[in-house]
Structures are given as structure tokens and as C-alpha cells.
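Work through the exercises below with the model open. Try each task before reading its solution.

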Amino acid sequence: MEKYGLYTPRVAPQKEYFAAGHRACVGCGEMLAVRLVCKALGKETIVINSTGCIEIVSSLFPDTSWEVPWMHTLFENSAAVASGVESAIKVMQRKGKYADGKVNVVAMGGDGATLDIGMQALSGAMERGHDFVYVCYDNEAYMNTGIQRSSATPYGAMTTTSPPGKKSIGQQTWKKDMPAIAVAHNIPYVATASPAYPFDLMEKVKKAAATKGPAYLQIFSPCPTGWRSAGEISVKLARLAVETGAFPLYEVENGKYNLTMDFEKLRPITDYMKPQGRYRHLTESDIVLIEKKLHEQVQELRDKSSR
Amino acid sequence: MLSWKDIPMGAIVQTPGSAKEYRTGDWRSQRPVWDLSKCIKCGLCYIYCPDASIGWKDDGYPQWDEFHCKGCGICATECWTKAINLVEETE
């Protein structure tokens, strides 16, 4: 019986470390992800947060949603600050000025703060091997400032700086494969997760926190405002993204790939695209092209995980 | 209006989780209503709530928090047994 985890919402930690009363949009998938991550991490946690939606909605003076120590940094340096915090704790514990025991140092950022602006600091922190967790909440554009494209925006998506028209299909480049970049740093743990699979997400966060050395998590975060979708289907969209192959869930432990959610047959990508206004302009042939590319990516992951 | 003399040095917030006192329930246009005869107490509404505004009653049924619920309707979409329905706030 020990082999099997018990997965029911009732036995999940009941204590909220990310309190209600934050000002996120109605139906925000990112705040759901933050809530689940904080639940999984528990009390012994220090959060370092880049600028972005999470910081804006959770820390309007004089209110805060955080019940763990929390620090706001600039867009680019959350990983650098996290490595400093981790080193300071290590030194102070050695000198006996800080209580012994494990403290989870967690840096959080959106996809813009991770994939674009903060990447060199993150790369440096991963290369130096600090014992911290980096959590990237991937909502596929700069949603906080008004839906500008980022390098996480998928091909064909409409944003305010990649508008579709006669000469443009919307976003003209493919999504940057950040987990693969993290894997290339030879760090012990890299994973992707989705709030539609809350126990999978919480297991991965716990695993990442228990890992000695840097860990990178990319969490899919549906954004009803930026994706032009209804608020009530946020979780459904997150599930469809996994089922259609738009955001495959996998983990990489010491370079060994493992697909955590694999489906015999992927659902057609239109199921995922249809409820979203950002894909409304796509033609039949564009969708076929996108589906082919996504299936290739999933197949590549399957090949890697079976190796 | 607060002046600089009233706020703590460095504008530090000294109460953790003080956002709980802010009423986000005013944003709601639809409210969730439970049909307890269909509810199987699975707790999916609890785990999927982005605003952490679904808790538990003593008898094991979910209890929503009127003060914080923004009425997004994720609970109603995700409920397997369709025990949660959204009704207009005006009704």
C-alpha cells in the first residue's frame, strides 16, 4: 500500500499560504497555480517574485496575500536574488545565526520574466548550482502590461503586438522550449505541470523542493483576459492543452525524460483553440500545420522518455 | 488619506495575509448554488477554486465564502455531478 499515494482533494493540505482577497481577474488560472504551489511548499518557504501579474494582484499596499516571507524583485533578477538568499541562509546556518533545517527558496516569475528578461540570471543561478526552485507561470504573453507577445507565445496566437491581418498570421515564431534549455544546464530536476492536474502539480513541486540543487518548473496558467476565453473554462482549457499536446506534461530527472501524462491518441487541436479568441483568425491549413508540429513535439518527448 | 508618518518604515506590510479583509465578493455577477442531493463531497470545487473561497462545513459538504468568491464559475464547470449551478446575483 505504501507504493500508492492517496489523491483526493480532502487530504490535500488545508492551510492556504496564498490568501483569498487577491485582485486577480475572474477565473485566473495563474492564481490557482500559485495557490497549489504554496499549498505544496508549506510554511518553511521564502518566495522571491519577479514583477508580473502575481506581484501586482497579491501585494496592493497595505494588503498582502502572502502568508510566507515574500520579496518582490525586478523582472530580470529574481533568480539572482534567490541564489543570494539561499547562500545567505547557508552561511548563517554555518555560523549558528539561523535556525537549522531546510528552507525552500522559491523564485517565481511569469513567462516574460523567465523566458525573455530574466533568462540570463536564471541561467547563471542554475549553472552555479544553488539549491532553489524556479517556478515559471506560463500564460503565453505579457498579460500584466496588456497582452504583448513574449517568446512563450505559440505560433498563430493573436496578441496586441502580433496582430493578425492580411500579411500576418499573428505570432510568427514557435514557442521557445524553455524546459529543454533548463535541461541543457544539467540540473537535477525539470518539470512541466498544469493546474488542471492539481495532484500531479503538487507532487512535482514537492519533488522539486526536495531536490538538492536547482529545479525548474514550468506551470501552464490559463489567462481568460489575454486568451479571450471565458473565465469558467480556465481549468478545462488547461486540461485540453495537455490532452491536445499543446502543453505536454513531463519531468526530467538527471537528464532522464519521463512523460507523466501520455495519451494513446491526442485530441484534435481545434477542441483547445475554438474557445479562445486569440486563435479565431486561423484558417484550416494553419491549424493543420500547428497540429502537425505539436504532434511532432509530443512524439519527440515520447522517444526521449522511452530511451 | 495616509501620510508618510502613518505607514511603517519601508512600507512593510506587517500582517501576513491581510488581503483577506478586502471584499472581492463585490465583483461577482453570478453566485454558485449547491444541490446537496447531487453532491458527492469529492472536493474538486475546493481544489480548483482560484480564490481559495470554498471550504468545508461540519457535515462534510463544501461551503463557499461569499466575501471572497468572484463568481468565476470554475467550480460549476468542473463539478462531475453537476451539483453546482450558477444563478444571477440579482435573483
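**Exercise 1. Find how many residues of chain B are in contact with chain A, and how much area is buried between them.**

Solution. Take contact as heavy atoms within 4.5 Å. Then 33 residues of chain B touch 38 residues of chain A. This is a predicted model, in which local features need pLDDT of at least 70 and side-chain atom pairs count only at pLDDT 80 or more, while totals for chains, interfaces and linings use all residues. Residues are numbered from 1 along each chain as its sequence is written, chains are lettered from A and ligands numbered from 1 in the order in which they are written, and side-chain values use heavy atoms, with hydrogens and water left out.

Next, the area. Buried area is the accessible area (1.4 Å probe) that two parts lose on being put together, summed over both. For chain B and chain A it is about 3000 Å². Carbon and sulfur atoms give 60% of that. On the chain B side, Tyr46(B), Ile47(B) and Tyr48(B) lose the most area to chain A, together 21% of what that side buries.

**Exercise 2. List the polar links across the interface, then describe the chain B side.**

Solution. Start with salt bridges (a side-chain nitrogen of Lys or Arg within 4 Å of a carboxyl oxygen of Asp or Glu). The rule finds 2 across this interface. Arg239(A) and Glu78(B) form a salt bridge through their side chains, at 2.7 Å, N to O.

Now count polar contacts. These are pairs of N or O atoms within 3.5 Å; within protein, one must be able to donate a hydrogen and the other to accept it, and residues adjacent in sequence count only if both atoms are side-chain atoms. Between chain B and chain A, 21 residue pairs are in polar contact, both residues at pLDDT 80 or more.

Then assign elements. Helices (H or I, at least four residues) and strands (E, at least two) are DSSP runs, numbered from the N terminus. Helix 1 (44-48) and helix 2 (74-78) of chain B each supply at least two residues to the side that touches chain A. Helix 1 of chain B gives the most, with 4 residues.

**Exercise 3. Is strand 6 of chain A enclosed or open, and which strands does it join?**

Solution. Buried means under 20% relative accessible area, exposed over 50%, partly exposed in between (1.4 Å probe, protein chains only). In strand 6 (residues 215-220) of chain A, 6 of the 6 residues are buried, so the strand is largely enclosed by the rest of the structure.

Check both faces. In a regular strand the side chains alternate between the two faces of the sheet. Here Ala215(A), Leu217(A) and Ile219(A) are buried on one side, and Tyr216(A), Gln218(A) and Phe220(A) on the other.

Find the partners. Two strands pair if DSSP finds at least two bridges between them. Strand 4 (residues 133-138) of chain A runs parallel to strand 6 and is joined to it by 6 bridges. Cys136(A) stands opposite Gln218(A). Strand 5 (residues 189-193) of chain A is also parallel to strand 6, with 5 bridges. Tyr189(A) faces Ala215(A) there.

**Exercise 4. Where is Glu140(A) found, and what surrounds it?**

Solution. Glu140(A) is in the loop between strand 4 and helix 6 of chain A. Its relative accessibility is 4%, so Glu140(A) counts as buried. A polar contact of 2.8 Å joins its side chain to that of Arg278(A). Beyond neighbours within four places in sequence, the contacts of Glu140(A) include Asp111(A), Lys175(A), Phe220(A) and Trp227(A).

Conventions: Nonpolar A, V, L, I, M, F, W, Y, C, P; charged D, E, K, R; others polar.
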